[in-house]
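Here is a set of questions and answers for a reader new to this structure. Each answer sets a value beside its definition.

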Amino acid sequence: MSVHRIIIDTDPGLDDAAAILMALASPEIEVLGLSVVAGNVPLQDALINACKIVGLSGRTDVPVHGGAAGPLVRDRVLGKYAGIGAFDDRLVPAGQIRPAEENAVRFIVRLAREAARTGDPVTICAIGPMTNIALALVQHPDVARGIGRIVLMGGAFAAMGHRTPWAEFNVYADPHAADVVLRSGVPIVMMPLDVTFKTLFTREHFEAFRRGGAAGQALSNLFTTFDRSDTARFGRPGGPIHDATTIAWLLRPDLFKGEDVHVGVELMGVTMGHTYADFHNKLGRQSNATVITDVDQAGFTKLLIERIGRHGGARSQPMPEA
Amino acid sequence: MKTIPIIVDCDPGIDDTIALLTAFVSPELDILGITPVCGNQPLGRTVLNALQVCELGGRPDIPVYPGCFRPMLREPIHGQFHGKTGLGNTTLPDPVKTAEEMSAVDFLIEALSLASAKGEPVTLCCLGPMTNLAVALRIKPQIADGIGRVVMMGGAYREPGNRTMTSEFNVLADPHAAHVVFSSGIPIVALALDATHQVMLKPEHVTAFSRVGGRISHALGELMAFWDRNDVARYGSRGGPLHDPLVIAYILAPHLFGTTRARIFVEYESELCMGQTIADWYGKSGLEPNAEIVTRVDAQGVIDFFLDRLSRYAEKVPA
């Protein structure tokens, strides 16, 4: 079995927690480390949360690196649920994992350059503002060469925005970083709100997470406590778990449909952070991303619940050799 | 003697080279490292030039850390007045010295964190686009505490631009990096075109430098002769403006300069005015000043200062 070697660039965050735990339960994926960035919550809180999440999995071989505390150029904006801050110990128990010494940008630069040398590329799952990745890309041309693919959760097309009327949060929080990533030449798979809004999770699903041991219980606590359903918007109960789609795509690309198109981002004015995709090739520019347009909702739900469930018997699950 | 620790962030470049050669023979300065960046030339060339200039100046002991290979957001642009190699028609021997393994960004983070811990802040001499410093600041904002001040060559306030109508090359090449530095809260000394156009390196000066430069006379004369813009209509005389070396002169001989405190800003959105620097001369922004903008320069004093410094290559034992 060929294993995806991935770095998860993350700002946990509830749905980040689901994505990270999904990856850590999947033998098809080798998580080389987490690079943490300010986004949903301030950097210090995101770092605490990332350590707690890795701790829940029982894994001690996954380093957690702290990265950028704010965006490249614009003023800092936090997530709508920034008030969550560091996860309460009653919801997510504290563990033994501590942040690694090396900063996240240097970690990405080092692994990507190593990958460029050995020809064994790394995949980055980008599920927060992409500041760390942009800061790595500008330092050396081998960084882009060593990254085989960036699977990112970000952007919105027909779905409009959720942080502003026109912008999705991860791109809005650092549009300049998104611009660097989109123009980097690295193959990109993009999970916009258009697709993450399609799969809604409800209390029954959160109950099902509980089968996944300490990890599943903590995840269930988080999603039950911070209800993200928006019936007025979605027309039915339940809330999205955006970030987990990136991990699901690595595991089961057959669950998704996408189109290769040119994608860009607006960097100024009231529409700052707005993404556009040239679905009808009006600009005549080369495609720079595979934009995911549809998902097998039942398949994705089942996959996430099944993988989180594996944490219940985590010790008996085969883990890939490091 | 208590020395001033400096890091020279640069993109050599002819005028960078004159700045470096001057710093090399100034015992008041402790040069912790040189961090070449993509600017006047692509990164590979600015690193090579820095290594060659270290050897020309007899200072192979100074480490050279390769910097960012491109600006933060924009496509790279390169200088127009430095010839094919960045050093005019001057050919220097291939360097024996090699660049450090560590990147400029990692070096800045490490050296400035240490400086902050020791309470011995470093003066950052920025002679090129400020990508390295901006990236380091975004990775670890606390390194600002390890910087005493940034003395930078770049921008154009009352003077028009030199690369576009509004903009000076170093700021235009990475306006986003300039924005990061200007908004960092670090004290800034800005040597913009307003200052550097006051000091023209004229043909008669070049002759004088060629006479005093000892073992670097030949290279120095060639570099300086290449620098002549031959544009009397714009500059009021023959010669070229002594941009980057003024940073070193300002640190060592501040009495030759007059400054005005103001808040400075940079335009990084408009394509027409991209890279334009703006000074809040009359307190319109409601924000505190963040820079000393050099507005007056004693041009003859500066030329004499460089003649004195560079004549030290005649006294020194050849490397």
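**How the terms apply**

Q: What does helix H3 (residues 104-118) of chain B lie across?
A: H3(B) lies across E1, E2, strand E3 (122-126) and E4 of chain B, and runs at about 150 degrees to E2(B). Helices (H or I, at least four residues) and strands (E, at least two) are DSSP runs, numbered from the N terminus. Axes are lines fitted to C-alpha atoms, for helices over the stretch in contact, and angles run from 0 to 180 degrees between N-to-C directions.

Q: What kind of model is this, and how are its parts numbered?
A: The model is predicted: local features need pLDDT of at least 70, side-chain atom pairs count only at pLDDT 80 or more, and totals for chains, interfaces and linings use all residues. Residues are numbered from 1 along each chain as its sequence is written, while chains are lettered from A and ligands numbered from 1 in the order in which they are written.

Q: How many helices and strands does chain B have?
A: Chain B has 13 helices and ten strands.

Q: Why is chain B called as compact as a globular protein of its length?
A: The globule rule is 2.2 Å times the number of residues to the power 0.38, and the radius of gyration is taken over C-alpha atoms. For 319 residues the rule gives 20 Å; chain B has 18 Å, which is close, so chain B counts as compact.

Q: What share of chain B is buried?
A: A residue is buried if 20 or more other C-beta atoms lie within 10 Å of its own, exposed if 12 or fewer, and partly exposed in between, with C-beta atoms placed from the backbone. By that test, 55% of the 319 residues in chain B are buried.

Q: In what order do the eight strands of the open sheet in chain B stand?
A: The order is E2-E1-E3-E4-E5-E10-E8-E9, with mixed pairing. Two strands pair if DSSP finds at least two bridges between them.

Q: Why do strand E2 (29-36) and strand E9 (277-280) of chain B stand at the edges?
A: Each has a single partner strand, so one side of each is left without a neighbour in the sheet.

Q: How many bridges join strand E4 (residues 147-153) of chain B to strand E5 (residues 188-191) of chain B?
A: Four bridges join E4(B) to E5(B), and the two run parallel. Val150(B) stands opposite Ile188(B) in E5(B).

Q: Which strands does helix H2 (residues 43-56) of chain B touch?
A: H2(B) packs on the sheet against strand E1 (4-10) and E2 of chain B, and its direction makes about 155 degrees with that of E2(B).

Q: How many residues of chain A are in contact with chain B?
A: Two residues are in contact if their C-beta atoms, placed from the backbone, lie within 7 Å. On that basis, 16 residues of chain A are in contact with 17 residues of chain B.

Q: Which helices of chain A each supply at least two residues of the side that touches chain B?
A: They are helix H3 (104-118) and helix H7 (175-182) of chain A. The largest share, three residues, comes from H7(A).

Q: What makes up chain A in secondary structure, and how does its radius of gyration fit the rule?
A: Chain A comes to 13 helices and twelve strands. With 322 residues, a compact globule would have a radius of gyration near 20 Å; chain A has 18 Å, which agrees.
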